[in-house]
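Trainee: Please take me through this model one feature at a time, with the rule before the case.

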Amino acid sequence: PFVTATADQSLKGRVALVTGGTRGIGAAISRGLAGAGATVAAAYAGNTGRARDFVDRCRTEFGADAERVGAHQADVSSPADCRRLVSDVVERHGRIDILVNNAGITIDRTVARMAEADWQQVLDVNLSGPFYLAQAALGAMVEQGSGRIVMISSVIGETGNIGQANYAAAKSGLFGLTKTLAREAAFQLAKTGRQDPYGPGITVNAVTPGFIATEMLEHIPAKVLDRIVGQVPLGRLGRPEEVARLVRFLADDASAYITGQVWGVNGGLDM
Ligand code: NAI
């Protein structure tokens, strides 16, 4: 079901950029943030018609105008697109408070069969994209004295998986990026000397979803999916909203003392 606005409007006035923000887990994240009052720039890779549909539904649902929920086309594997995306958001809304690096792809092959291009493409989208965007957004966050960066990694980054060397490497690469950014952001903010130590500050965290029912799972044969579900202690797939709820918390001022952490949302698949 389409999530409605919550009574809690604690993200009112905040500006969020969500990559891959118009479908699957990213759409649930965009809705969750918009529902809490944030202005949301939902980035998408290519399907403009579909992105517009999503944005129209959000605006109807939240009674939001075009200024509060918008769609932005950008390829996150392109450093130039990432810089343009962040500067578009800052130009349009005057700030950037929340960056959710959610866009991701899989190109599965065993290591023995994996083409260099398939290795590289998955690294470019899933790991380099989050780096380019965080690099572009960090300056504004330091300037503002606050910010939230959330990386959508994967349980596969923690466990590895047959046929997913590229994806697992990129997703666990996000842990190192998250922890380093968490330290650098805090350091840079402290250096400004204007920081309130009990204020919202800048935090950087990673979320590792388990198997969540989205289009990403559509190419997995039913038999294989059944076997996967059989390994999940809670005995079912996750829902995009269950990931979005955690991201919403990590985007809030209330999570100010939580940084550099990896958060599992996996039904107990990895403990
Ligand atoms: P999805 O395939 O529905 O969404 C992926 C999104 O990434 C799409 O909106 C797509 O437009 C965007 N994207 C892909 N390449 C892009 C590029 N070059 N530039 C900009 N955007 C691009 O998949 P889903 O399931 O919603 O995945 C979202 C994130 O969650 C991904 O990072 C995925 O790796 C991660 N994840 C998903 C799990 C699942 O079971 N569905 C489990 C663990 C992590």
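**Reading the fold and the ligand shell**

Trainee: How many residues does the protein have, and what share of them count as buried?

Mentor: A residue is buried if 20 or more other C-beta atoms lie within 10 Å of its own, exposed if 12 or fewer, and partly exposed in between, with C-beta atoms placed from the backbone. Of the 271 residues of the protein, 45% are buried by that count. This is a predicted model, in which local features need pLDDT of at least 70, side-chain atom pairs count only at pLDDT 80 or more, and totals for chains, interfaces and linings use all residues. Numbering starts from 1 along each chain as its sequence is written.

Trainee: What is the radius of gyration of the protein, and what would a compact globule have?

Mentor: The radius is taken over C-alpha atoms, and the globule rule is 2.2 Å times the number of residues to the power 0.38. For 271 residues the rule gives a value near 18 Å, and the protein has 18 Å, which agrees. Its C-alpha trace spans about 50 × 40 × 35 Å along the principal axes.

Trainee: How many helices and strands are there?

Mentor: Helices (H or I, at least four residues) and strands (E, at least two) are DSSP runs, numbered from the N terminus. The protein has 8 helices and 7 strands. UniProt, in an unreviewed entry, places the feature "domain: Ketoreductase" at residues 14-210; such annotations may be inferred rather than shown by experiment, and positions follow the numbering used here, with feature names shortened. That span is 53% helix and 17% strand, and its end C-alpha atoms lie 28 Å apart.

Trainee: Which residues touch the most other members of the largest nonpolar core?

Mentor: A nonpolar core is a set of buried Ala, Val, Leu, Ile, Met, Phe, Trp, Tyr and Cys residues joined through C-beta atoms within 7 Å. Here the largest has 74 residues, and Ala-16, Leu-33 and Ala-42 touch the most other members. Helix α4 (residues 116-144) supplies the largest share of this core, 11 residues. Contact between two residues likewise requires C-beta atoms, placed from the backbone, within 7 Å. Beyond four places in sequence, Leu-33 touches residues including Ala-16, Val-40, Ile-98 and Ala-251.

Trainee: What share of contacts join residues at least 24 apart?

Mentor: The share is 75%, among contacts between residues at least 6 apart in sequence. Take Arg-148 in strand β5 (residues 147-152). Its C-alpha is 5.6 Å from that of Ala-251, 103 residues away in sequence. Leaving aside neighbours within four places, Arg-148 is also in contact with Asp-97, Ile-98, Thr-203 and Leu-250, among others.

Trainee: Is Arg-148 buried or exposed?

Mentor: Arg-148 is buried, because it has 27 C-beta neighbours inside 10 Å. Arg-92, in helix α3 (residues 79-93), has 13 and therefore counts as partly exposed. Gln-9 lies in the segment before β1 (15-18) and is exposed, because 12 other C-beta atoms lie within 10 Å.

Trainee: Which residues are closest to the ligand?

Mentor: A residue is near a molecule if its C-beta atom, placed from the backbone, lies within 6 Å of it. Of the 26 residues surrounding the ligand, the closest are Gly-20, Gly-24, Ala-103, Gly-104 and Thr-214. Helix α1 (residues 24-35) gives the largest share of the shell, 3 residues.

Trainee: What classes make up the shell?

Mentor: Ala, Val, Leu, Ile, Met, Phe, Trp, Tyr, Cys and Pro count as nonpolar, Asp, Glu, Lys and Arg as charged, and the others, Gly among them, as polar. The shell around the ligand has 13 nonpolar, 10 polar and 3 charged residues.
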